[in-house]
Amino acid sequence: MDSYEDRMIGAAGDGGAFLSHLPMGESFTVKRVDLLRELTKQCRAAGMAVLVAPEGFGKTALLIQYAEEVRSDPLRGVARIMDARGKSPAELATELAACRLELPQATRPLIAIDDVPPWGEAQAKEVVRVLRAMRSENFEVLLACTPRCR
């Protein structure tokens with residue numbers, strides 16, 4: 001059986017680079033069963049959800065746990081986590097467009113984007129356009145950001 005750290009690295013899907021700033025191990029991460037249940041309901045109903053909380057409140061851990069839940073579902077199994085920290089809207093839109101081509105839509109894949117920067121409304125329009133198109137193509141979208149990004 002894989003260790004907790006191996007499962008979390010697998011959920012992130014990048015060999016661990018995405019998780020390098022997080023403490024690892026079961027003792028460092030609280031599984032939020034109620035929040036995961038609510039997040040699942042929200043994502044299934046709307047196709048999109050946004051996690052908003054101050055830094056250090058566990059948004060990234062919850063996002064990774066949700067991606068792990070999706071990957072463990074044999075009817076879905078596809079989740080991609082992206083780190084938007086320090087990226088321009090154009091860079092993120094390009095990465096999202098590549099995901100649209102790479103991931104099988106028939107399984108309702110998850111695109112989870114962590115650390116969405118506080119772009120202005122005009123800057124974010126291209127990213128929003130791509131996310132809406134992905135949602136209409138059966139992708140599920142989960143975003144995580146701090147309150148200043150709302």
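Which residue in β4 does Ala49 stand opposite? Leu142 is the one.

## The model

This is a predicted model, where local features need pLDDT of at least 70, side-chain atom pairs count only at pLDDT 80 or more, and totals for chains, interfaces and linings use all residues. Residues are numbered from 1 along each chain as its sequence is written, and side-chain values use heavy atoms, with hydrogens and water left out.

## The sheet

Four strands make an open sheet in the order β1-β4-β3-β2, with parallel pairing. β1 (48–52) and β2 are the edge strands, each pairing on one side only. From one strand to the next, the twist averages 15 degrees. Strands here are DSSP runs of E, at least two residues, and helices are runs of H or I, at least four, numbered from the N terminus; strands pair if DSSP finds at least two bridges between them.

## Around β2

Strand β2 (residues 79–83) is mostly covered, with four of its five residues buried (under 20% relative accessible area; exposed is over 50%, partly exposed in between, using a 1.4 Å probe and protein chains only). Helix α4 (residues 89–102) lies across β2 and β3, at about 170 degrees to β2. That angle is taken between N-to-C directions, from 0 to 180 degrees, with axes fitted to C-alpha atoms, for helices over the stretch in contact (heavy atoms within 4.5 Å).

## Cysteines

Cys99 counts as buried because its relative accessibility is 3%. Cys145 is buried too, at 7%. The disulfide count is zero, a disulfide being a pair of cysteine sulfur atoms within 2.5 Å.
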